[in-house]
Amino acid sequence: MTTIPFVSLARQNESIRDRLDDAYRRVMESGWFILGAELEAFEDEFAQHSEVKYCIGVGNGLDALHFLLLAYGIGPGDEVIVPSNTFIATWLAVSQCGATPIPVEPDINSYNIDPSLIEDAITPRTRCIIPVHLYGQPADMDSIKKIAAKHNLIVIEDAAQSQGAQYKGKRTGSLGHAAATSFYPGKNLGALGDGGAILTNDESIAKMVRQYRNYGSSIKYHHEIKGFNSRLDEMQAAFLRVKLSVLDEWNNERKRLAESYSDLLQNSDVLLPLTPSYADPVWHLYVIRSRDRDDLQKHLKNKGIDTVIHYPIPPHKQLCYQDFARRELPIASLLANEVLSLPIFYSMNNNEIKMVVDAIKEFK
């Protein structure tokens, strides 16, 4: 039986239960459930928190990426540079536009896309770079933007794992031309269901994304483009407003937990995450590496400790991307075989951290 879960959303939500209940009642009593006052308020509040002018709520993070690519006119014949080490949604958004994802390997220390390898992947068809702030740690955005400016490329941040993180004092989501994020329940800012958003300072992009999310319409029954049905609903927006108000507090607690892990695991046999000087991460995940990862995971499971592998099969090895199967991406493959995410969540206590650390140190 599990003693320490990988994450306990129930424990996290219990601390704000009364406020979530109030949000539920407020929406129910309003009688308005789609594209209403709660969504408008959340979009304003999250835009301000993210240090951008516009936030547009959509149904999920994949749609957020997809709509942004469409808004920038990216489609068949175009190429988009993506990390080889990422959740598959980053690649899928590119494919959904009819464009081709071009994988670039990560920096072995940060696990984020390696800027020094990007230029070799650029061709006359390249239109965009999508850096992912993986595990809650910002990518090296200055280097990426310098390359993008040189080659006249769009930079879209995949900020699904980094709500509240900072790069040189600026929030992720405000660093590129635009950004997409996810409010999947396990995220640092998680809904009680699916959700996502686009962040941008570009009014024309914001307008187009609003059309894409709502059947291609900005005026009811007038459809300017062929759009989709993907809207962040009022209930989720109300819940997210509550969670946004405690996001920084919860992120600070994650940082404290991560520091405890790093201090207590210094003399262990696992490889610990490194934080570049430019990054202030929010520790969506605390990821260690071990050559004996699978056995270590089994050992921890036997001790009642849940862990997760992010991600056991890299995108280029997935059946849906079999055309990439022969491509040599050794760092992504290495990480897929070695990474292990330890429990980390708001309301986790010091005793639980110590139990995880002790169990890792016992592993031989």
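**Close-up views of a predicted model**

**View 1. Tyr 54 stands opposite Thr 200, a residue of strand β9.** The model is predicted, so local features are described only at pLDDT of at least 70 and side-chain atom pairs only at 80 or more, whereas totals for chains, interfaces and linings use all residues. Residues are numbered from 1 along each chain as its sequence is written, and side-chain values use heavy atoms, with hydrogens and water left out. Strand β9, which covers residues 196-200, runs antiparallel to β1 and is joined to β1 by 5 bridges. Helices (H or I, at least four residues) and strands (E, at least two) are DSSP runs numbered from the N terminus.

**View 2. The open sheet has 7 strands with mixed pairing.** Its strand order is β1-β9-β8-β5-β4-β2-β3, and two strands pair if DSSP finds at least two bridges between them. The edge strands are β1 (54-58) and β3, each of which pairs on one side only. Neighbouring strands of the sheet are turned against each other by 25° on average, with direction ignored. Although β1 lies at an edge, 4 of its 5 residues are buried, so this strand is largely enclosed by the rest of the structure. Buried means under 20% relative accessible area, exposed over 50% and partly exposed in between (1.4 Å probe, protein chains only).

**View 3. Aromatic rings form 15 pairs in the model.** The ring centres of Tyr 111 and Tyr 135 are 6.0 Å apart and their planes stand at 75°, so this pair is edge-to-face. Tyr 111 lies in the loop between β3 (100-104) and β4 (126-129), while Tyr 135 lies in the loop between β4 and α6 (141-151), so that the pair links distant parts of the chain, 24 residues apart. Both Tyr 111 and Tyr 135 are buried. Elsewhere, ring pairs link Phe 42, Phe 46 and Phe 183 into a cluster. Rings of Phe, Tyr and Trp (its six-membered ring) pair if their centres lie within 6.5 Å, and planes under 30 degrees apart count as stacked, over 60 as edge-to-face and the rest as tilted.

Terms used. Axes are lines fitted to C-alpha atoms, for helices over the stretch in contact, and angles run from 0 to 180 degrees between N-to-C directions.
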